[in-house]
Amino acid sequence: MRARLLIIVLGLLALAGCSSVGGGGGSGEPAANEADATFSLQMIPHHRQTIQIAKAAIEKSKDEFVINVAEKIATAEAGEIEQMSTYLRSWNIQVPGDDANATHKMAGMMTVKDVEALKAATGKQYDDLFLATLSRHLRSGVDMAKNAQAKGEHIGSKALAGKIVVSQTEVLDQIAAKQKS
């Protein structure tokens, strides 16, 4: 999947005949580069997977903390998907489809085995597994966002990456505190 995304981005760059993906919309904003496009192309499926398990947690868990975390993260990430989709469309790049099989194979994503383990768990075991799985998943998202901040050029994309680092680190800290209690 990663190689396919890179090929798509590089192909678009070659067609454009430049090293940037698209203009800043006439606002004086720098054009997006490969790191900006790759960030959105990878983070959208990453967020979709988070939302998938968060929705399941909202339905399955009885723990108020788990439900609150799941609602918070699902709401935030749905808005971020819309923002990244808008960026991709403005750069004339197709928004990734919702292919769960391909999603499981991307770096930093939950595997089919991870998702199946969550489906099979119940009660406190489910809550503990959900929080541990979500923590690993969010850490990979933070790493992706930090990479976009370091290598990207698009102001909006870099700002979104910074927001993701802050918000997901906050959730990770809350989960760590809950796990210690």
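Begin by selecting H7 (155-180), a helix of 26 residues that reaches 38 Å from its first C-alpha to its last, close to the 38 Å expected at 1.5 Å a residue, where the expected span is 1.5 Å times one less than the number of residues. Helices here are DSSP runs (H or I, at least four residues), and strands (E, at least two) are DSSP runs as well, numbered from the N terminus. This is a predicted model, in which local features need pLDDT of at least 70 and side-chain atom pairs count only at pLDDT 80 or more, while totals for chains, interfaces and linings use all residues. Residues are numbered from 1 along each chain as its sequence is written, and side-chain values use heavy atoms, with hydrogens and water left out.

Now colour Phe-39, Leu-88, Trp-91, Phe-130 and Leu-134, which touch the most other members of the 42-residue largest nonpolar core, a set of buried Ala, Val, Leu, Ile, Met, Phe, Trp, Tyr and Cys residues joined through side-chain atoms within 4.5 Å. Helices H2, H3, H5, H6 and H7 each give two or more residues to this core.

Finally, show the whole protein, whose secondary structure comes to 7 helices and 0 strands, and in which buried residues make up 46% of the 181 residues.

How values were computed. Buried means under 20% relative accessible area, exposed over 50%, partly exposed in between (1.4 Å probe, protein chains only).
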